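Colleague: I would like to learn how to read a few features of a model. Please walk me through them.

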Amino acid sequence: MTAGAPGAPATSGESGESGTSRLGGPALRLTVLVGENDRCHHRPLYSEIVHRARAAGLAGASVFRGIEGFGASSLVHTARLLSLSEDLPVAVVIVDTEERVRAFLPELDGLRPAGLVTLERCEVLRYAGPPDGSDGTGTEGRGGA
């Protein structure tokens, strides 16, 4: 693969001088549903998953906070004002090639998430990395994360 986000699904339709804008193709979407208060190593579980995904070189990860939901306990958690919950549902979504996502799955086994993990085949229509070839964090040249 060329420069840009590691693991981004690439096809022969790559464009852009630095290769940061790519046309997509088949991919796998990993979704991990956990509780907002679930912890791992003294940090939120969703944050641990995101950081491990980045360390593994996956194309990207996003965390979405739910406003209402229930899981195996059948206890409904909601963000409504009259029944505030401190443990709202959270979804971590990662999309990359099937090979890279499946290689990442043992990282989740090590976390022992008490949530639901799903895999769905999908198609990436377009992936566009930062136009300057950076990693998008704005920390280049400043010594760090």
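Modeller: Start with histidine 42. The loop between strand 3 and strand 4 holds histidine 42. Helices (H or I, at least four residues) and strands (E, at least two) are DSSP runs, numbered from the N terminus. This is a predicted model, in which local features need pLDDT of at least 70, side-chain atom pairs count only at pLDDT 80 or more, and totals for chains, interfaces and linings use all residues. Residues are numbered from 1 along each chain as its sequence is written, and side-chain values use heavy atoms, without hydrogens and water.

Colleague: How do I read the backbone there? What is phi of histidine 42 near?

Modeller: The general idea: most residues other than glycine have a negative phi, and most peptide bonds are trans. Phi of histidine 42 is near 65°, a positive value. Histidine 41 also has a positive phi, of about 55°, although it is not a glycine. Histidine 41 lies in the loop between strand 3 and strand 4 (43-44). Why does histidine 41 count as exposed? Because its relative accessibility is 60%.

Colleague: Which residues does glutamate 48 touch?

Modeller: Contact means heavy atoms within 4.5 Å. Glutamate 48 touches Cys40, His41, Arg43 and Leu111, not counting residues up to four places away in sequence. Glutamate 48 sits in helix 1. It is buried, with a relative accessible area of 10%.

Colleague: Now helix 2. How far does helix 2 reach from its first C-alpha to its last?

Modeller: The expected span is 1.5 Å times one less than the number of residues. Helix 2 (residues 98-111) has 14 residues and reaches 21 Å, close to the 20 Å expected. Its buried residues are Val101, Phe104, Leu108 and Leu111. They pack against strand 2, strand 3 (39-40), helix 1 (45-55), strand 8 (89-96) and strand 9 (116-123).

Colleague: What comes just after helix 2?

Modeller: Arginine 112 does, with a positive phi of about 50°. Glycine 115 is in the loop between helix 2 and strand 9. Glycine 115 counts as partly exposed, because its relative accessibility is 36%. Glycine 115 and valine 32 are 83 residues apart in sequence, but 6.8 Å apart in space, C-alpha to C-alpha.

Colleague: Which strands does strand 2 join?

Modeller: Two strands pair if DSSP finds at least two bridges between them. Strand 2 runs antiparallel to strand 9, with 8 bridges. Leucine 30 stands opposite leucine 119 in strand 9. Strand 2 is also antiparallel to strand 8, again with 8 bridges. Here arginine 29 stands opposite valine 95. Strand 2 is mostly covered, with 7 of its 10 residues buried.

Colleague: Last, pockets. What is the volume of the second largest pocket?

Modeller: Rolling a probe the size of a water molecule over the atoms shows where empty space is left. On a 1 Å grid over the protein atoms alone, using a 1.4 Å probe, a pocket is an open set of points with protein on both sides within 12 Å along at least five of seven lines; lining residues have an atom within 4 Å of a point. Grid points are joined across faces, edges and corners, and a volume is the space filled by probe spheres set on the points. The second largest pocket has a volume of about 340 Å³. Its lining has 16 residues, of which Val34, Gly35, Phe70, Gly71 and Ala72 lie nearest the centre. Strand 2 (residues 26-35) gives the most to this lining, with 3 residues.

How values were computed
Buried means under 20% relative accessible area, exposed over 50%, partly exposed in between (1.4 Å probe, protein chains only).
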